[in-house]
Amino acid sequence: MNVPLSRPRSLSGALPLPTLADFRSMARAPRRDLLCGLTVAVVALPLALGFGVSSGLGAAAGLITAVVAGSLAALFGGSARQVSGPTGAMTVVLVPIVHRYGADGVLTVGLLAGLMLIGLAFARAGAAMAYVPAPVIAGFTIGIASVIALQQVPSALGVPVPHGDQVAVVAAEAVREFELTPHWAALLLALGSAALMLAGARWKPTVPFSLAAVALATVAAWALGLPVARIGTLPDVLPAPSLGFLDLARVPGLLAPAAAVAGLAALESLLSASVADAMRPGERHDPGKELFGQGIANLVVPLFGGVPATGAIARTAVNVRTGAVSRLAALAHAVVLAAIVSVAAPLVGRIPLAALAGVLLATAVRMVETEAVRAMARATRGDALVLVLTATATLALDLVRAVLLGLGVSVLLALRASVLGTRLTPAAGDELPGGAGTVTYRFDGPLLFAAAHRFRNSLADVRDVSAVDLRLSGLTAVDATGALALKDAVGDLRGRGIEVSITGVEPGHRRVLESLGVLPQNLRANRGAVPSATGAATP
């Protein structure tokens, strides 16, 4: 949850294509990378199927995304160990888009999001990820996990998915339907799959118990003849690429959801790449190149009928833990998935939907690091507020607006802390020549718009003095509003017959104060008369 983010690197070159060094790295330990790719593919198969079903486009769309996007993002991306594909967070965004615009609308949104991600790459927007507060990421993750769990309720209960966009309402309606016509076989398969996956993860974290759970549930459903819904027919080869879904007249109306998908893909992919860096000290991803790779992947995958993709934190973590050396491991994972589908498509099609629901329920539980969340919630009231607001907004609104809300509240709290950290205090025992009627004030902290009113009021309260020396050596930052507040306060003091001199101005702040007429007033009234805080006269 609280991940030390990598120091971002800029997008290098006009077109960030794979380099010769990228291909040479694949030859360093090919046997290890191929074994890692096989392991990740075993973990990714049930997740790709489940997220495809949850998105509303079907299991085949999830597999296509894992194969096509997984290989392209590995080849063009900026992280050597990132694994991409369909994810729960993206599924949460796609469900309302499917309801409103249909499958063709989702494919168009994916295409537009790919173009937007490429634009973000060349705009060097990847560096902004380093400024997302940890409580926002934690709340975002909790919200996603809650939505994923609620999305699985209909399949886990063995009832048709009720219509609606609000997952909580849909889940409640599914529970009411189950009460009328219980489907105990589906519920037992879902709970059994989830329990096996959670227990296995505690016992042997590196073993892919998700596939074992799905396999056991499939065998049990077949052997006992249980009346449960299954995935159904899957294609054994990739469909031919096509732009038949694209309707240019619909594009303007799809720009807003495409921006939401692109924003989420950027956020989750860069976060996942940062997780990979943190797990392997010394490794650093290129955020611009990563956005470019995700853009290429999302630009191409809709042509084959796949859903938008992002970097997948869980699969990336498995890839790093198993010892992946280069991007060959992620490429191998995509190839293995394609081979599994081509060889075993009929068998995969017999997997019960309830078993996939159980796997995703367990995945949602494992997404939340309870201890990290508790520690963050106890850190400060502000952190707890941001975490809860972001998580709640994810459930009530959508992921993008939830993140924007969390960021907005974080900025307001930071501004409040900035205001409270600003100090204007008398410098005791440091009087200027001229007698007891002269007082020195020291300013410490940032003089920004949020603190301007408080600063102006503090100087307005100065009484019964003949001169004021305002020392700005402790000034850490200043903006136009703060400079104008200083100018107004100085003008007010001089209007009351109080001489004012400003000293100790750092060179980095001088330009702002000069451009808004603060220092020129000081220079005319106090030319060379007052020594600065550093001992040199203010020019």
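## Burial and overall build

Of the 539 residues of the chain, 50% count as buried, where buried means under 20% relative accessible area, exposed over 50%, and partly exposed in between (1.4 Å probe, protein chains only). The structure is a predicted model, in which local features need pLDDT of at least 70 and side-chain atom pairs count only at pLDDT 80 or more, while totals for chains, interfaces and linings use all residues. Residues are numbered from 1 along each chain as its sequence is written, and side-chain values use heavy atoms, with hydrogens and water left out.

The chain contains 21 helices and six strands; helices (H or I, at least four residues) and strands (E, at least two) are DSSP runs, numbered from the N terminus. Taken along the principal axes, the C-alpha atoms fill a box of roughly 100 × 60 × 55 Å. Among contacts (heavy atoms within 4.5 Å) with a separation of 6 or more, 82% join residues 24 or more positions apart.

## Confidence

The average pLDDT, the predictor's confidence in each residue from 0 to 100, is 85 for the chain, and 91% of the residues score at least 70.

Where pLDDT is low, the predicted coordinates should not be read in detail.

## Nonpolar cores

A nonpolar core is a set of buried Ala, Val, Leu, Ile, Met, Phe, Trp, Tyr and Cys residues joined through side-chain atoms within 4.5 Å. The largest one has 89 residues, of which Leu49, Leu234, Val261 and Leu399 touch the most other members. Helix α4 (residues 88-122) supplies the largest share of this core, 14 residues. Apart from this core lies another, of 25 residues, among them Tyr441, Leu475, Val500 and Leu513.

Leaving aside neighbours within four places in sequence, Leu399 is in contact with Ala89, Val92, Val93, Phe140, Ile144, Leu264 and Thr394.

The expected span of a helix is 1.5 Å times one less than its number of residues. For the 21 residues of α13 (residues 328-348), a straight helix would span 30 Å, but the end C-alpha atoms are only 26 Å apart. A kink of about 60° lies at Ser342, shortly before the proline Pro346; the bend at a residue is the angle between axes fitted to the seven residues ending there and the seven starting there. Buried residues of α13 include Leu328, Leu331, His333, Leu337, Val341 and Val348. The buried residues of this helix pack against α2 (30-55), α3, β1 (84-85) and α12 (313-321).

Helix α9 (residues 209-224) has 16 residues and reaches 22 Å from its first C-alpha to its last, close to the 22 Å expected. Its buried residues are Phe209, Ser210, Ala213, Val214, Ala217, Thr218 and Ala221. An α-helix has 3.6 residues a turn, so residues three or four places apart point the same way. The cover over the buried residues of α9 includes α2, α8 (184-203) and α14 (353-367). Gly225, with a positive phi near 65°, follows α9.

## Individual residues

Thr65 belongs to helix α3 (residues 59-76) and counts as buried because its relative accessibility is 0%. A polar atom of its side chain lies 2.8 Å from the backbone nitrogen of Val307; a polar contact is a pair of N or O atoms within 3.5 Å, where within protein one must be able to donate a hydrogen and the other to accept it, and residues adjacent in sequence count only if both atoms are side-chain atoms. Beyond four places in sequence, the contacts of Thr65 include Gly85, Pro86, Val301 and Val307. Asp286, in the loop between α10 and α11 (287-300), is buried at 6% relative accessibility. A polar atom of the Asp286 side chain lies 3.2 Å from the backbone nitrogen of Lys289.

Thr233 lies in the loop between α9 and α10 (251-279) and counts as exposed because its relative accessibility is 81%. Thr233 and Ala60 are 173 residues apart in sequence and 8.7 Å apart in space, C-alpha to C-alpha. Ala354, in helix α14, is buried, with a relative accessible area of 3%. Leaving aside neighbours within four places in sequence, Ala354 is in contact with Ser155, Ala186, Leu189 and Ala190.
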